[in-house]
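Subject: Structure for you to look at

Hello,

Here is the structure I said I would pass on. My notes on what was found in it follow below.

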Amino acid sequence: MNKQEKGKLYEFINRTQFLTTIEGDGICKEIYAVPAQRVQDFVKTLNDPQKVTVPKFIADWFENNKDDLTFAIYEAVAHSLKEVGYAHYPKGFMEWFSSTSNDAIEILFRMKEGYEVKKTGIYRVKLGNGYFIRFQDNGCLLSPHEIDKIMDFDSMQDAERVANTIGGIVVKVDEP
């Protein structure tokens, strides 16, 4: 149950509670009560938690750290504060983790309930009938076969930079 649903439940209980008297062992007390069936019916109306959607590098990090997630998050917080030790994190992880536009820690804990990997583009650079593999001494290495060690780019901008350098075009590739 997320914060918003907890708030709805709290409001529901406050709206539907009533004062009643209970007796037992010669003691009489007044308490506030809510009929259990009404609470159960209300809880059924709440949405199931939505799976979070995260980039693939976050999903990979989570899978490697989910067994000791609290410590892994603590370690990431410590490294982000010191701005050291980034080398063993996937590319882009610390930028995502430190971003104020998402609740990284909450998202990582919610991933325990299930998550989906955000579909991202993979880009390649094509020049004529060949695909860019890498730069070498006097130019670049190309391959006419799509199964060779062709360089895949996660970012359209990075692929465009190489394409502009060698006079090629950027081609979006469907994920395998």
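Predicted model: local features only at pLDDT ≥ 70, side-chain atom pairs only at ≥ 80, totals over all residues.

The chain holds 176 residues, of which 28% count as buried. Of the contacts that link residues at least 6 apart in sequence, 55% are between residues at least 24 apart.

The crossing of helix 1 past helix 2 is right-handed. On the helix 1 side the contact is made by Lys8, Leu9, Phe12 and Thr16, and on the helix 2 side by Arg38, Val39, Phe42 and Val43. By class, the residues of this contact are 5 nonpolar, 1 polar and 2 charged.

Ala33

Strand 2, residues 27–33, includes Ala33. Its contacts, leaving aside neighbours within four places in sequence, are Thr16, Gln17, Phe18 and Thr20. Of these, Phe18 is 15 residues from Ala33 in sequence, with a C-alpha to C-alpha distance of 5.5 Å. Thr16 also belongs to the helix 1 side of the contact with helix 2.

The cores

The largest nonpolar core consists of 19 residues, and Trp61, Phe93, Phe97, Leu108 and Met111 have the most contacts inside it. Two or more residues each come from strand 3 (52–54), helix 3 (56–65), helix 4 (69–82), helix 5 (93–98) and helix 6 (104–110). Phe97 touches Ile73, Ala76, Val77, Ser80, Ala104, Ile105 and Leu108, if residues up to four places away in sequence are not counted. Another core, of 8 residues, lies apart from the largest one and includes Val125, Phe132, Ala159 and Val162.

Phe62

Is Phe62 buried or exposed? Buried means under 20% relative accessible area, and Phe62 has 3%, so Phe62 is buried. Phe62 sits in helix 3. Beyond its neighbours within four places in sequence, Phe62 is in contact with Leu69, Leu108, Met111, Lys112 and Tyr115. Leu108 and Met111 are among the residues with the most contacts inside the largest core. The C-alpha atoms of Phe62 and Ala72 are 9.1 Å apart, and the two residues are separated by 10 residues along the chain.

Regards

Methods
Residues numbered from 1 in each chain as written. Heavy atoms only, no water. Left-handed = near helix turned anticlockwise from the far one by under 90°. Helix = DSSP H or I, 4+ residues; strand = E, 2+ residues; numbered from the N terminus. Contact = heavy atoms within 4.5 Å. Nonpolar A, V, L, I, M, F, W, Y, C, P; charged D, E, K, R; others polar. Core = buried A, V, L, I, M, F, W, Y, C linked by side-chain atoms within 4.5 Å. Buried < 20%, exposed > 50% of the residue type's maximum accessible area, 1.4 Å probe, protein only.
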